[in-house]
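Dear colleague,

I am passing on the structure below, together with some notes on what came out of it. Please look through it before reading on.

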Amino acid sequence: MSHMADIEHEFKSLEAIHLAAERLGGTLREANTYKWYGRYMGDHPLPEGITKEQLGKCDWAISFPNAEYEIGILDNHDGTYRVLWDFWSGGHLQNAVGKDGVDFIRAYEIEQTTLLGIENGYSVDLTELTEGEYAGWTAVDLEAYV
Amino acid sequence: MSKIRVLIGPKGEVKLEPTGFIGEQCVEATRFLEEGLGKVSDRVDTDEMYQQEVSNDLHEST
């Protein structure tokens, strides 16, 4: 079974991708290939703009403990990155990055917000909210230095 | 004190809550986040922003 897809998001920082992987217990490395089913079976549409021959090729890969498959990162060479994965349940990646990769997107947003805050001269404080309207959300507070 | 609270939801939703900025400062102060994050689903503007705008309007009308 081959179920290749994008994790749908606008990824603009490799450093935030790196930190998001670590936040979820994964490891990013430079790599030309990433692990997936390994053979296109035609049982799921190819990701847009990707040929059968390009499947499994990448610029960086992310591995997670207890997941056989890996995430592939492609450099779009326009300041953005494409994040591809084989979401077949047998590859166990979904356990690491969530359904449709939402846990990875969330981790990326937290890390990217933190990086942007520091770059722009703010102190950064993270709080996991447990009560009220935003229970289950993360608050990243950026406070200007006086 | 100027502060921006960035709320990140379970599905990666992003909301911005800037406080302590006056008028157009608010938009300028959060521009780096809107550009860097790529997708901000909501933005909660504070009363301070509008207070300044009302004040400016009053000055202009007198």
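**Strands and sheet**

In chain A, strand E4 (residues 71-75) and strand E5 (residues 81-86) run antiparallel and are joined by 4 bridges; strands are DSSP runs of E with at least two residues, helices are runs of H or I with at least four, and both are numbered from the N terminus. Within this pair, A:Asp75 has A:Tyr81 of E5(A) as its bridge partner. The model is predicted, so local features need pLDDT of at least 70 and side-chain atom pairs count only at pLDDT 80 or more, while totals for chains, interfaces and linings use all residues. Residues are numbered from 1 along each chain as its sequence is written, chains are lettered from A and ligands numbered from 1 in the order in which they are written, and side-chain values use heavy atoms, with hydrogens and water left out.

The open sheet of chain A contains 5 strands in the order E1-E5-E4-E3-E2, with antiparallel pairing, where two strands pair if DSSP finds at least two bridges between them. Strand E1 (4-6) and strand E2 (27-30) of chain A each have a single partner strand and stand at the edges, so one side of each lacks a neighbour in the sheet.

Taken as a whole, chain A has 3 helices and 7 strands, which follow one another from the N terminus as β-α-β-β-β-β-α-α-β-β. Of its 146 residues, 49% are buried, meaning under 20% relative accessible area with a 1.4 Å probe, protein chains only. The C-alpha atoms of chain A fill a box of roughly 55 × 35 × 25 Å along the principal axes.

Best regards

Key. Buried means under 20% relative accessible area, exposed over 50%, partly exposed in between (1.4 Å probe, protein chains only).
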